[in-house]
Amino acid sequence: MNATNTTTDTAHETHVDYIGSKMGMWLFLFTEILFFGGLFLLYAVYRSSFSQEFYTTSAQLDMTIGAINTIVLITSSLTMAFSITAIKNGAARLSALYQLLTIIFALVFLIIKYYEWSAKIGHGIYPGSDALLSQGQGTIIFYSLYFVMTGIHGIHVLAGIVIIAVMINMTTKNKISEKDFVRLENTGLYWHFVDVVWVYLFPLLYLIG
Amino acid sequence: MITRESRRGFYSASGKYRGIFSWIFSTDHKRIGILYLISILAFFLIGVTFGVLMRLELIAPGSTIVEAQTYNSFFTLHGIIMIFFFIIPGIPASFGNFFLPILIGARDVAFPRLNLLSWWFYIIAATLALATLIMPGGPPDAGWTFYPPYSIKTTTSVSLAAFAAFIVGFSSILTGLNFITTIHRLRAPGMKWLRMPLFPWALYATSWVQVLATPVLAITVLLLILERSFGVGFFDPQKGGDPLMFQHLFWIYSHPAVYIMILPAMGIISEVIPVFSRKSVFGYKAIVFSTVAIGVVGYLVWGHHMFTTGMSEEAQLIFSLITFIVAVPSGIKVFNWVSTMYRGSIVMAPPMLFSLAFVFLFSIGGLTGLANASVATNVHIHDTFFIVAHFHYVMFGGTGFAFFAGLHYWFPKMFGKTYSQRVAHLSCIVMFLGFHILYFPMFILGWQGMPRRFYDYIPAFHTGNLISTIGSWVLVTGLLIMVINLLRGLFKGEAAVSNPWDGTTLEWQIPSPPPKENFETIPTVTHGPYTRSQE
Amino acid sequence: MEHTERAAHTVSYKANILVWLTLLVLTGLTVIIAGIDLGGFGILMNILIASLKAGLIVYIFMHMKYESLLFKLMLLMAIATLTVIIMLTFLDTLYR
């Protein structure tokens, strides 16, 4: 049915399979769903074993900070979506601006997370610490999940920042334009996915207690 | 006019790189396929070496050539190398890369640069895996399955080995992602889904498993590394963790992984048998259906590796039931292959001989799988040599022999040369015999209670082990005959024609070796892949 | 011959803002629910709200509403796979 063939001439890719490119990106996101999924599986199993301790330990996390971070990330998704609307409308410079805003929101997220982690680590709470190991098993597992899940999520945020920075560069050099924007769109897909992961992390880690 | 250049097809240098760089920086799927083929065969031989060393140790009770610690590293590395660097990438990365685009009438895969990246990930990962041999702490000794608590406590280079597995996972994911997109987007005009040959179908199902299962391995080995480095505690009972959660996560990948191994192998057999039976394949749709079914159902059986661990009874029974169910589509395929041969005109060329060996060996492996799948017998044979024999029959007798079948089938097309069919027949027979001598005694030894992963055993098991080790020498002899025969063909063989086997699929309509962009004009497909003109 | 295929649809600024506002409202809702002690029901509500938020992000921000059925089916497969493996794992852990 779909019989578009692309040339293998990589010197100048004049023919881009737009749908194929998006399909590839979605397939990559499926791998990310299963990657984070493994962590959510662990969470689910341990939550059901240690429901009481998860309840009490979750209350030790600052819900307000978590909520603020959620709003920050959701807004970064908005600016990312704006950047796509802009490029499709031919407004390349506006698109680059929205991409920059996205990075700024992402940095804010990471900075808030840094302070959150610092506070916990300052209190001696981190994987393998004596203060943590002296507590109940459910508490140990909860904090391990907290650090590992938000940590791996944070690495994905960082990677996203780098990728968006590359996109800004390409947008300003007209390599991304209304004629060829699939790479920006795929970046948007990645970014929204990172947001979705946090949308689940927030209630599961912060809102139990 | 056939010049020397045009006879060399895609081997003629082009593009901006010269020499070795025109290969290792190439985005041509055919060159990448050959890069993978060479890498995979190299690591296969390294894996074989570890296997031979293991058998040397086991030729007699007590310490023969090494002590326990070294033996543990042998079987760990044997497993890691064979599984992650030979069998999983094996067929998809080599023959899949080379032939998928050609079989569907395309010029290349959907993402040629990601294709090259996937090979580089493979090479980096393989280097890291080999590096564990010389790292402080010594090579890993926890088995390729890395179970905690031992994998957490051991001071050997488990983290590095686990990281190598993490990286090679990316290689696998990129291949899968590429193939899915290629098959959806780049089929030639007229090649509807149900006109696609069975090898691409097999690659399609395999690719989905690669995409959806490999990430679970990634997170698992990452958590293992975090556990060793920071003591997070997910698998440590003292901290509230559960070692069984590691096993669940591990097998959620590693069982579907065996279907990554076998589906492409079955795809090759489905290509070879019709050609050498001079008949269209029997039950094309049934094979398609069972291919997909194996991919789907194979996802749901992982618990059968954990029957003896203390899993709940409910889980044991359900996993056992689903495991029995997944054997059905495999059985369907065997019936289809045999039915294809019935009333066919059999040509016993080397690819066919290897394929018949596959059917026989895979059937034994599969049937013994049912013995393992029954919880009652599993309790008796888990962690014994019965299991070792079972998986070697399916993975080596199955995927391994199918790999050799593909190698002999597609050799003329890939290299434009021919090999001695007589010597190839000999190598197949020697390997087949060596295989049984090596592995069949293991069924008996395992049944009698000999545990796996031990460098020593009680004297009662001596005879079986002695026979088995001798079998390993016979098998390796056959391997060497095969390798030498193919190398000789590569360098001194006569030129091959486009269609030496009278095949009906698209790769046989283009020159041997293929030109750089495969087809002068993209063909329009008007019939199924196995229709013969006289039918 | 082949050309870059244009996206059939561009999500307008207005639509994006509407989604964003909805997401903020849902976030607020989920925080409020967490403050009330509803026991197990509260947890379920919050997972459902999270899924609603995720669904909006996937459907509009990630353009899934305008993609072909194929893309939707593929996504469904990935989610179904994760769901099934979690369920089967619980078959063990819940009944030991």
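The centres of domain 1 and domain 2 of chain C, taken over C-alpha atoms, are separated by 21 Å; domain bounds here come from an automatic or database domain assignment. This is a predicted model, in which local features need pLDDT of at least 70, side-chain atom pairs count only at pLDDT 80 or more, and totals for chains, interfaces and linings use all residues. Residues are numbered from 1 along each chain as its sequence is written, while chains are lettered from A and ligands numbered from 1 in the order in which they are written.

**Domains of chain C**

- Domain 1 of chain C covers 11–62, and domain 2 covers 66–96.

**Chain C against chain A**

- Here 38 residues of chain C are in contact with 38 residues of chain A (C-beta atoms, placed from the backbone, within 7 Å).
- On the chain C side, the elements giving two or more residues are α1 (13–35), α2 (40–61) and α3 (69–93); helices are DSSP runs of H or I, at least four residues, numbered from the N terminus.
- The largest share of that side, 11 residues, belongs to α3(C).
- By residue type, this side of chain C holds 25 nonpolar, 10 polar and 3 charged residues (Ala, Val, Leu, Ile, Met, Phe, Trp, Tyr, Cys and Pro count as nonpolar, Asp, Glu, Lys and Arg as charged, and the others, Gly among them, as polar).

**Chain A against chain B**

- This contact draws 32 residues from chain A and 40 residues from chain B.
- On the chain A side, α1 (18–49) and α6 (137–172) are the elements that give two or more residues.
- α1(A) gives the most to that side, with 14 residues.
- The chain A side divides into 17 nonpolar, 14 polar and 1 charged.

Terms used:
Two residues are in contact if their C-beta atoms, placed from the backbone, lie within 7 Å.
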